[in-house]
Amino acid sequence: MLSIKNLHVSIEGKEIIKGLNLDVKPGEVHAIMGPNGSGKSTLAAVIAGREGIFDLTEGDIYYKGKNIAGMSIEERAREGIFLGFQYPVEIPGVSITNFMRTAINEIRQYKGLEQISAVNFLKNMEEAKKLVGIQSKLTNRSVNEGFSGGEKKKNEIFQMAMLKPDLAILDETDSGLDIDALKVVANGVNALKTKDNATIVITHYQRLLDYIIPDFVHVLYNGRIVKSGKKELALELESKGYDWLKDEA
Amino acid sequence: METQTQDKTLREKMIGIFETRQETIFRNDSPGLVERRKAAIESFKHQGFPTAKTENWRNTDINKTLLADYNYHLEPTFQKGQDLSKIFKCDIPHLETDMISQLNGWFVSENGGIKTDKQGVVVGSLAKAKLKYPELIDKHLSKIADDKKSGFVALNNAFAEDGVFIYVPDNVEVEVPLQMVNIINADEDIFIQNHNLVIIGKNSSLRLVQCDDSVDHQRSLTNTITEFYIGANAELDHYKLQNKNDNSTLINTMFFDLQRDARLSTNAVTLNGGMIRNENYVTLNGENCEAKVMGVYLVDKAQHVDNQVFIDHAFPNCVSNELFKGIVDDSAHAVFNGHILVRRDAQHTNAFQSNKNILLSDKATVNTKPFLEIYADDVKCSHGATIGQIDETAMFYLKSRGIGEHNARMLLMYAFAAEVIKHIKIEPLKIRIDDMVKKRLRGELSICEQCVLHCSSQEKEINFAIDMSKV
């Protein structure tokens with residue numbers, strides 16, 4: 001699904017990711033943990049295709065066997081990459097319904113499919129709403145405008161459920177959530193899991209991994225994956241903190 | 001009909017008309033009004049039209065407009081009593097309004113020009129109101145419309161004969177919104193001056209939609225004044241829709257007087273117009289008033305839009321909020337000038353001001369000047385102005401959902417304007433303006449596809465496109 005080889009990324013001349021390797025296969029859930037400033041969000045943004053300040057100086061990212069270096073953000077999304085934002089953006093005046101319909105239809109157009117019918121769209125939307133426990137009528141609500149932190153994160157999972165990506169990268173989707181919201185988000189992610197899709201959960205806290213059970217846990221430190229293991233690694237990190245890994249880095 | 005000779009400037013010409021045609025100009029006036037007109041023409045003689053040297057007109061050059069050879073009429077040029085409902089038809093779905101039409105600045109009437117409903121609400125022609133309600137008129141007409149504000153105000157006070165008169169007695173909630181439509185439709189270049197007077201009694205409320213449209217492509221200069229008297233604890237919810245041709249100039253000056261506990265919301269939506277200047281003078285003339293002055297403008301080509309707001313906090317415990325947003329393309333020019341005056345006794349004033357612009361081309365210009373003048377010491381005031389581009393993080397967010405460049409820009413442009421549009425409280429109007437803004441951004445809106453009107457005159461399709469690729 002995803003294969004990252006010797007990735008180096010700089011922001012304004014400062015190297016943030018310093019030779020990162022990662023392999024993700026269909027059906028797997030990977031957790032990437034690490035302290036603040038270790039490069040977690042940079043990695044997520046770069047996989048999604050963000051340019052501007054990000055400078056890929058070395059290495060390659062392969063997605064479904066293709067090098068995606070030249071692909072735009074929207075092309076990657078249409079090919080099935082989804083990024084759940086740490087800080088979802090407010091878009092006043094644009095309803096969630098309109099936003100999602102625009103996205104789905106652009107993806108369908110890219111794939112040579114007809115526009116989604118109103119009936120199917122509404123059906124999908126009801127299912128996705130149920131999944132994350134959104135009760136309000138989304139037609140009247142602007143994207144993320146006036147949402148609480150928890151609502152914004154639920155809305156990210158709602159969008160994931162609407163778009164059904166092959167590779168979802170969730171960037172600190174758990175941060176700032178109370179335990180109830182965290183469960184809702186985790187249940188949503190679990191329900192969307194199939195043998196054909198993959199999820200990368202980026203998190204600061206072990207807590208999320210009580211609810212989303214990862215197949216692999218990686219520790220990102222100072223721009224490199226310094227340790228990989230099974231889910232037990234997360235527990236070890238929780239009890240020992242990150243300091244003991246500094247020597248290994 | 002007056003015709004003019006080329007060797008006279010508009011200023012000299014207007015002074016000449018005033019001196020030679022007084023009998024006609026004064027025909028409906030009380031002695032008090034005659035004196036008022038005479039004072040106004042003296043003020044105009046003294047001031048003339050504004051020039052680039054006039055403060056507050058530095059960024060709006062009216063000179064070229066004034067050079068045109070306009071005809072000026074002291075009487076309507078169309079037959080009174082004609083049925084204009086056949087020419088104009090409001091097509092906003094589910095918007096129920098009582099419509100008041102003006103054609104070239106003259107009140108269009110079917111039944112005597114003035115009527116009173118069972119609640120005592122009077123709606124009609126200002127010319128007729130002068131004869132029927134002389135006391136109300138003497139007390140209010142050209143009283144807050146201060147000649148000193150500009151030569152245009154003085155000239156209007158000297159000349160204007162007709163316009164719309166609205167009187168809402170005390171303790172009346174006017175349920176159906178009133179809609180004032182001023183249509184310009186002429187086969188000549190004309191100069192139009194009309195004067196509207198709106199009086200809202202205490203504890204009453206009114207919703208008013210004021211539309212300025214052209215249905216031709218002729219050159220025109222319109223100098224409109226509207227005086228609003230908002231009584232104690234009364235409420236006015238006011239909208240201006242401006243969708244005019246590129247050859248038209250509109251000088252639209254509004255005076256709002258708020259008594260204690262009164263509430264005002266005014267929202268100017270400028271979709272098209274050669275040159276449009278909106279001047280808002282708001283006086284908070286009692287405690288606990290609230291004024292929201294808002295606007296959104298989408299201009300391109302060589303269009304020019306200028307919003308001037310002056311808010312006078314004369315009493316304590318009042319709130320004012322200004323929010324203006326604009327998208328400016330090609331060599332269009334947008335001007336914003338917001339002046340907040342907080343007088344010495346106006347303690348506990350809350351006054352906020354914001355003007356945000358998106359520039360789409362190197363040749364587009366925005367001049368924005370926030371100005372706070374504060375003499376009280378216990379106040380909360382803020383102002384801010386931005387001129388910029390679409391937010392890159394927001395673009396990333398939209399694209400990461402598969403939305404392409406074009407649609408992502410479109411959605412964000414729309415979101416930018418929506419911050420003002422969401423304040424529209426009349427739902428069908430909001431839906432329509434929403435739709436018009438989207439069309440305008442896509443370049444699909446023509447001036448003939450009127451906001452509120454389907455005109456039956458010959459339609460020439462003109463498209464005004466904001467070039468999305470430049471966002």
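Reader: What should I know about the model and its numbering before we start?
Author: The model is predicted, so local features need pLDDT of at least 70 and side-chain atom pairs count only at pLDDT 80 or more, while totals for chains, interfaces and linings use all residues. Residues are numbered from 1 along each chain as its sequence is written, and chains are lettered from A and ligands numbered from 1 in the order in which they are written.

Reader: What makes chain A as compact as a globular protein of its length?
Author: Let's begin with its elements: chain A has eight helices and twelve strands, where helices (H or I, at least four residues) and strands (E, at least two) are DSSP runs numbered from the N terminus. Its radius of gyration is 18 Å, close to the 18 Å that the globule rule gives for 249 residues, so chain A is as compact as a globular protein of that length. The radius is taken over C-alpha atoms, and the rule is 2.2 Å times the number of residues to the power 0.38. Along the principal axes, the C-alpha atoms of chain A fill a box of roughly 55 × 40 × 35 Å.

Reader: Is Asn288(B) buried, exposed or partly exposed, and how do you know?
Author: Asn288(B) has 18 C-beta neighbours inside 10 Å, so it counts as partly exposed. This residue sits in the loop between β14 (275-284) and β15 (290-299) of chain B, and its phi is also positive, near 65°.

Reader: How much of each chain is buried?
Author: In chain A, buried residues make up 44% of the 249 residues. In chain B, they make up 52% of the 471 residues. Chain B contains ten helices and 21 strands.

Reader: What makes α1(A) mostly covered?
Author: Eight of the nine residues of α1(A) are buried. Among them are Leu43(A), Val46(A) and Ile47(A). Just after the helix, Gly49(A) takes a positive phi of about 105°.

Reader: How do you know which strands of chain A form the open sheet of six?
Author: Two strands pair if DSSP finds at least two bridges between them. The order is β6-β9-β10-β3-β11-β12 (chain A), with mixed pairing. Each of β6 (81-84) and β12 (224-229) has a single partner strand, so one side of each is left without a neighbour in the sheet, and these two stand at the edges. From one strand to the next, the twist averages 20°, with axes fitted to C-alpha atoms (for helices over the stretch in contact) and angles run from 0 to 180 degrees between N-to-C directions. Helix α1 (residues 40-48) packs on the sheet, touching β3, β6, β9 (167-171), β10 and β11 (216-221) of chain A, and its direction makes about 150° with that of β9(A).

Reader: What makes β3 and β10 of chain A a pair?
Author: Five bridges join β3 (residues 29-33) and β10 (residues 198-203) in the parallel sense. Ile32(A) stands opposite Ile202(A) in β10(A). Likewise, β6(A) and β9(A) run parallel with four bridges, and Phe82(A) has Ala168(A) as its bridge partner in β9(A).

Reader: Which residues does Tyr414(B) contact, and what counts as a contact?
Author: Two residues are in contact if their C-beta atoms, placed from the backbone, lie within 7 Å. Leaving aside neighbours within four places in sequence, Tyr414(B) is in contact with Gly93(A), Val94(A), Val437(B), Lys438(B) and Leu441(B).

Reader: How many residues does each chain bring to the contact between them?
Author: Chain A brings 20 residues and chain B brings 19 residues. On the side of chain A, α2 (73-78), β7 (91-95), α3 (96-110) and α5 (149-163) each supply at least two residues.

Terms used:
Buried ≥ 20, exposed ≤ 12 C-beta atoms within 10 Å, placed from the backbone.
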